[in-house]
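I opened a notebook page for a structure I had not looked at before. These are my entries, in the order I wrote them.

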Amino acid sequence: MTGTVTPAPGAAKPARVRRRVPIRTPHQAAKAGGGRLGGPLAALPWALPAFVFVGVLLVYPFFRGVYGSFFEDNGFTSSFTGFDNYARLTDDPVFGRSVLNTLMWVAGTLLLPVLAGLLIAVATHRTRFGGIAQLVVVLPFAVSGAATAVLWNFMLTSDGAVNQVLRGVGLDGWTQTWLLEWPQNTLAMIVASTWQATGLNVVLFAIGLRAIPRETVEAAALDGASGWRMFRYVTLPQLRAVTVVVVGMAIVNSLKAFDMIWILTKGGPSRSSETLALSMYRETFRLFHVGYGSAIALVLSVIVVASSWMYLRRQMPDTGTAKS
């Protein structure tokens with residue numbers, strides 16, 4: 001017959017043993033898991049497809065273009081010419097006009113869509129019909145660049161809707177051949193691009209406005225800020241992060257503008273409205289000057305990367321200084 005053993009009266013109770021839970025640092029855990037799923041190279045098989053994808057579609061074409069820019073290549077035969085293609089750029093008036101048009105696109109894209117998007121977002125923020133107004137402005141962004149170009153081609157041709165309206169209201173002197181003369185053809189296409197691109201900027205600025213703490217606005221209002229002073233000293237500084245994104249996207253998109261220009265003017269007349277992206281396409285795929293087109297592509301790539309890097313370096317905080 002078995003039973004529980006009870007300690008004798010006055011006997012000391014057995015001491016309670018505490019078990020120590022083993023704790024490992026991340027470095028010890030990684031070392032212990034070496035060669036298994038948790039090792040430092042465990043993520044490599046998962047990242048390898050992305051590396052291959054980027055290498056095939058981005059890295060290899062870039063270096064292949066750099067290599068091809070040193071050759072005179074017509075798509076069938078090629079011969080090494082060194083820096084002749086780059087020397088040709090300095091003497092080509094079409095290239096100079098393309099650079100000028102590209103700069104006009106950058107300036108116009110920064111002044112019109114960004115400024116219009118900011119003003120519309122601020123004007124419609126927390127108003128009764130602000131959401132409907134923003135929706136109307138955003139709708140053109142859902143239309144592709146090609147469809148936008150077709151629509152504006154209907155409006156800007158010599159007998160298009162714009163000239164017909166001007167004649168209808170008695171302003172015959174204001175009618176223009178909008179797409180047949182430089183620089184008004186470039187300016188007209190910038191306006192058409194603004195009509196489409198403003199919607200995205202309105203959305204981004206509206207998100208930034210909703211992220212501003214209400215307490216900040218109320219505190220500024222108690223201090224007497226209103227109207228322009230509220231916008232200048234409270235709203236605009238709070239939108240700095242969004243503005244950096246919007247301006248950066250505008251710079252890159254303006255430097256690679258292509259579809260709207262190609263559909264509206266095809267770079268004409270006499271290649272007067274070409275940008276660098278359009279010149280690269282025409283030289284490479286239309287005139288079969290592959291080496292010269294590669295040189296233009298490399299110049300455009302350097303401009304895009306350099307301008308983006310300098311802009312972000314200037315706008316983003318210096319983390320190294322902050323840490324020290």
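Is lysine 266 buried, partly exposed or exposed? I looked up its accessibility: at 46% relative accessibility, lysine 266 counts as partly exposed. The cut-offs I used are under 20% relative accessible area for buried, over 50% for exposed and partly exposed in between, with a 1.4 Å probe and protein chains only. Lysine 266 lies in the loop between H13 and H14. Its phi is positive, about 55°, although lysine 266 is not a glycine.

**Ground rules**

I am reading a predicted model, in which local features need pLDDT of at least 70, side-chain atom pairs count only at pLDDT 80 or more, and totals for chains, interfaces and linings use all residues. Residues are numbered from 1 along each chain as its sequence is written, and side-chain values use heavy atoms, with hydrogens and water left out.

**Overview**

I found 16 helices and two strands in the protein chain. These are DSSP runs numbered from the N terminus: helices are H or I with at least four residues, strands are E with at least two. The chain has 324 residues, and 31% of them count as buried. I then checked contacts, meaning heavy atoms within 4.5 Å. Among those between residues at least 6 apart in sequence, 65% join residues at least 24 apart.

**Cores**

I looked for nonpolar cores, which are sets of buried Ala, Val, Leu, Ile, Met, Phe, Trp, Tyr and Cys residues joined through side-chain atoms within 4.5 Å. The largest has 16 residues, and Val114 and Phe205 have the most contacts inside it. Helix H5 (113-123), helix H9 (184-210) and helix H12 (240-255) each supply at least two residues of this core. H12 gives the most, with six residues. Another core lies apart from it, with 15 residues, among them Leu179, Met189, Met260 and Leu264.

Leaving aside neighbours within four places in sequence, valine 114 is in contact with Thr109, Asn201, Phe205, Val246, Val247 and Ala250. Asparagine 201 sits in helix H9. Asparagine 201 is buried, because its relative accessible area is 8%. Not counting residues up to four places away in sequence, asparagine 201 touches Pro113, Val114, Gly117 and Val246.

**Pockets**

For pockets I worked on a 1 Å grid over the protein atoms alone. A pocket is an open set of points where a 1.4 Å probe fits, with protein on both sides within 12 Å along at least five of seven lines; lining residues have an atom within 4 Å of a point. A volume is the space filled by probe spheres set on the points.

The largest pocket has a volume of about 450 Å³. It is lined by 21 residues, and the closest to its centre are Ser193, Gln196, Ala197, Asn253 and Ser254. Helix H4 (93-111), H9, H12 and helix H13 (259-264) each supply at least two lining residues. By class, the lining has 12 nonpolar, seven polar and two charged residues. In this scheme Ala, Val, Leu, Ile, Met, Phe, Trp, Tyr, Cys and Pro count as nonpolar, Asp, Glu, Lys and Arg as charged, and the others, Gly among them, as polar.

The second largest pocket has a volume of about 350 Å³. Of its 16 lining residues, the closest to its centre are Pro61, Phe62, Gly65, Ala297 and Ser301. H15 gives the largest share of that lining, seven residues. The lining divides into 11 nonpolar, five polar and no charged residues.

**Loops and backbone**

I noted that most residues other than glycine have a negative phi, and most peptide bonds are trans. I looked for exceptions. The peptide bond from tryptophan 182 to proline 183 is cis, with omega near 10°. Proline 183 lies in the loop between helix H8 (161-168) and H9. A cis peptide bond also joins glycine 268 and proline 269, with omega about -5°. Proline 269 is in the loop between H13 and H14.

Arginine 126 has a positive phi, near 60°. Arginine 126 is in the loop between H5 and H6, and is exposed, with a relative accessible area of 56%. Threonine 124 lies in the loop between H5 and helix H6 (130-138). Threonine 124 is buried, because its relative accessible area is 13%. Not counting residues up to four places away in sequence, threonine 124 touches Gly130, Ala133 and Gln134.
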